[in-house]
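Please look over the sequence and the three-dimensional structure shown below, and keep both in view while reading. The report that follows takes up a few topics in turn.

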Amino acid sequence: MINNIVLIGFMGCGKTAIGKNISSELKYEHIDTDDYIEKKAGMKIAEIFDKFGEDYFRKLENEAAKQISEYEGYVISTGGGIIKNEENIFLLKKNGIVVYLKSSPNKIFKNTKNNMSRPLLNTDDRLKRIEQLLQEREPLYLKYADLVVDTTNESVQTAAKAVCELLKQKIL
Ligand code: S3P
């Protein structure tokens, strides 16, 4: 049995909701790196960015990766920028399989358009921002992924099912 299932992907692709679904399906625990950071810091992500800036947030994210990579039997939903620091992925891969939840810019836009809690998306032209950031990051998501699941046209339930099926075929 593999120890952890690590979900990576862009903001708004459904990592948290799909992760919770997978964890109950496969009887794993679930943890979300952003929740972990917020609990430790006693602040919301947006507040951390606002008060201390993105670099400080990335340090907290790296600390979270160090701690959480020691866990066993978890589905780990990560923040979309976890791949910005190669060490995070190196740590999480030691004890887990990395699944990239791929989604289109339009779907991501649709999923995030009414939510202001993501500082990196709070710009005048959100769709353009998503397209730019995704273009930058997509090569990294693909490079680090052991498995890729396209969730663009899937509901949370069907996406989770697709991930579980793939994991069962390939690994479990
Ligand atoms: C970020 C993604 C967010 C959160 C922070 C930065 C990113 O997590 O960690 O706002 O750089 O992509 P979600 O992917 O869960 O939205």
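## The ligand and its surroundings

In which pocket does the ligand sit? The model is a predicted one, and in it the ligand sits in the largest pocket. Of the 13 residues around the ligand, those that come nearest are K15, D34, R58, R118 and R137.

Three of these residues can be described by a distance between polar atoms. For R118, a polar side-chain atom lies 2.5 Å from an oxygen atom of the ligand, and for R137 the corresponding distance from a polar side-chain atom to a ligand oxygen is 2.6 Å. In the case of R58, an N or O atom of the side chain is 2.7 Å from an oxygen atom of the ligand. On its own the ligand has 390 Å² of accessible area, and the protein covers 95% of that area.

## Salt bridges between separate parts of the chain

Side chains of opposite charge can pair when their charged atoms come close. Here a salt bridge is counted when a side-chain nitrogen of Lys or Arg is within 4 Å of a carboxyl oxygen of Asp or Glu, and by this rule the count comes to eight salt bridges. One of them joins the side chains of K84 and E54, with a distance of 3.1 Å from N to O. Because K84 lies in the loop between strand 3 (74–77) and helix 5 (86–94), while E54 belongs to helix 4 (residues 54–68), this pair ties together parts that are 30 residues apart in sequence. E54 is partly exposed, its relative accessible area being 25%. Both residues also belong to a network of salt bridges that links E54, R58, E61 and K84; R58, a member of this network, is also among the residues that come nearest to the ligand.

A second pair is K93 and D146, whose closest N and O atoms are 3.0 Å apart. Are E138 and K102 buried or exposed, or do they fall in between? E138 counts as buried at 16% relative accessibility, because buried means under 20%, whereas K102, at 26%, counts as partly exposed.

## Side chains that reach the backbone

Which backbone nitrogen does the side chain of N4 reach? N4 has its place in strand 1 (residues 4–8), and it is buried, with a relative accessible area of 0%. The side chain of N4 reaches the backbone nitrogen of G73 at 3.1 Å.

T158 is found in helix 8 (residues 156–170), and it is partly exposed, with a relative accessible area of 39%.

The residues T158 and A64 are 94 residues apart along the chain, and their C-alpha atoms are separated by 29 Å. E86 and L140 are 54 residues apart along the chain, and the separation of their C-alpha atoms is 9.3 Å. E86 lies in helix 5 and is partly exposed, with a relative accessible area of 49%.

## A backbone angle at K27

Most residues other than glycine have a negative phi. K27 has a positive phi of about 60 degrees, although it is not a glycine.

Methods:
Residues are numbered from 1 along each chain as its sequence is written. This is a predicted model: local features need pLDDT of at least 70, side-chain atom pairs count only at pLDDT 80 or more; totals for chains, interfaces and linings use all residues. Side-chain values use heavy atoms; hydrogens and water are left out. Helices (H or I, at least four residues) and strands (E, at least two) are DSSP runs, numbered from the N terminus. Buried means under 20% relative accessible area, exposed over 50%, partly exposed in between (1.4 Å probe, protein chains only). A residue is near a molecule or strand if one of its heavy atoms lies within 4 Å of it. A polar contact is a pair of N or O atoms within 3.5 Å; within protein, one must be able to donate a hydrogen and the other to accept it, and residues adjacent in sequence count only if both atoms are side-chain atoms. Accessible areas come from the Shrake-Rupley method with a 1.4 Å probe; for residues, only the protein chains shown count as cover. On a 1 Å grid over the protein atoms alone, a cavity is a set of points where a 1.4 Å probe fits but cannot get out, and a pocket is an open set with protein on both sides within 12 Å along at least five of seven lines; lining residues have an atom within 4 Å of a point. A molecule sits in a cavity or pocket if more than half of its atoms lie within 2 Å of its grid points.
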